Amino acid sequence: MPLTSKVEPLRSFLFEQGVEGTLRGLICEVADACKYIDYAIKMTELGFAGTSNVYGEEQLALDVLSDELISSRLSKCGLVVNMASEEQQNIFSAFLKEPGEYSVCFDPLDGSSLVDVNLAVGTIVSIFPGKELVRPGREQVAALFVLYGPRTTMVLGLEGRVHEFTLNPLGSYTLSQEDVKMDESGKIYSPGGDTRKYSPGHSAFIEALKNDGYKLRYSGGMVPDVNHVLMKGGGLFTYPALEGSPRGKLRLMFEANPMAFILEAAGGAASDGTKRILDVEPESVQDRCPVYLGSKKEVALAENMLKEAGSEKGAEKT
Ligand code: FDP
């Protein structure tokens, strides 16, 4: 990006938009922590940490480091009350001298199975007001993801709008796209999960997209795959309910909610197959959720086809 006096750094953009000071500070703290994750991805040796997370998945040294980079920074920034990380078992509190104003859920390194093959990975963050974390996603005040790809970008959903910032070689995030918007429909699809375990309704839906000429775009990392759909202005990312995993694979609080918040703010839609993801009532931070994220037409088609297949199944039984 050429250097001009028009460069808009993240902090001053948020200031100009009138974003409240504590929230502005918190977004900048997260963005700063992610600079170190960016550096760690490029410079740290690969390999396992010898530990597993709460879901029984083997942790990379990078998973553990990324988790520490965000949690230690947010613990000491004085702006946060409670936190939950996909890499940790329990909700934990920040060190506070004065009451903090926000609580944060984060997935420090999403898609880490792609690190060894040098594909893009990301960090996903969800911000709630106050101290409660286990609450529906519609109560988020902001959500963001950082994509560590050929460029490192941060996509921020806030006050019904979505903006993209790019990390420059000087270590600043500068505005690269204001008001990212999605169209009513798109032409790409990104389908996760073992196809042998798809429900009949989901299989029929994926076939319908294929037959309609949608192009397959799936890297296996939720952050780059959702970013692809968002930045192309439409299409669909899905990780559905599967046989044996009726709530799918992805985590409601760490992955589905923040992505749903961002996509809706860009004019897209986000469903668990039956209803809006942001209206799902969580029981615990570890809940999972089937996801259909994308432009409105594809998400509505998924809901309709799943419903139809469900009622046909019901009719067969009677
Ligand atoms: P990963 O296991 O590599 O961390 O939820 C994590 C995630 O990746 C998502 O980023 C990705 O969309 C999905 O899992 C990929 O799962 P599959 O390998 O089953 O497609």
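How many helices and strands make up the secondary structure of the protein? In this predicted model, the secondary structure comes to seven helices and 15 strands. The radius of gyration is 19 Å, close to the 20 Å that the globule rule gives for 318 residues, so the protein is as compact as a globular protein of that length.

**Overall dimensions and packing**
- The C-alpha trace spans about 60 × 45 × 40 Å along its principal axes, and 53% of the 318 residues count as buried.
- Of the contacts between residues at least 6 apart in sequence, 62% join residues at least 24 apart.

**Surface and charge**
- The protein exposes about 14400 Å², of which carbon and sulfur atoms supply 51%.
- There are 32 positive and 44 negative side chains, and the centres of these two sets lie 3 Å apart.

**Salt bridges**
- A search of the whole structure finds 16 salt bridges, among them one between arginine 138 and glutamate 281, at 3.6 Å from N to O.
- Arginine 138 lies in the loop between strand 6 and strand 7 and glutamate 281 in the loop between strand 14 and strand 15, so this pair ties together parts that are 143 residues apart in sequence.
- Arginine 138 is partly exposed, at 39% relative accessible area, whereas glutamate 281 is exposed, at 53%.
- Arg138 and Glu281 also belong to a network of salt bridges that links them with Glu264, Arg276 and Asp279.
- Arginine 247 forms a salt bridge with aspartate 272, the closest N and O atoms being 4.0 Å apart; arginine 247 is partly exposed, at 35% relative accessible area, while aspartate 272 is buried, at 7%.

Conventions
Residues are numbered from 1 along each chain as its sequence is written. This is a predicted model: local features need pLDDT of at least 70, side-chain atom pairs count only at pLDDT 80 or more; totals for chains, interfaces and linings use all residues. Side-chain values use heavy atoms; hydrogens and water are left out. Helices (H or I, at least four residues) and strands (E, at least two) are DSSP runs, numbered from the N terminus. The radius of gyration is taken over C-alpha atoms; the globule rule is 2.2 Å times the number of residues to the power 0.38. Buried means under 20% relative accessible area, exposed over 50%, partly exposed in between (1.4 Å probe, protein chains only). Contact means heavy atoms within 4.5 Å. Accessible areas come from the Shrake-Rupley method with a 1.4 Å probe; for residues, only the protein chains shown count as cover. Lys and Arg count as positive and Asp and Glu as negative; His and the chain ends are not counted. The place of a charge is taken as NZ of Lys, CZ of Arg, CG of Asp or CD of Glu. A salt bridge is a side-chain nitrogen of Lys or Arg within 4 Å of a carboxyl oxygen of Asp or Glu.
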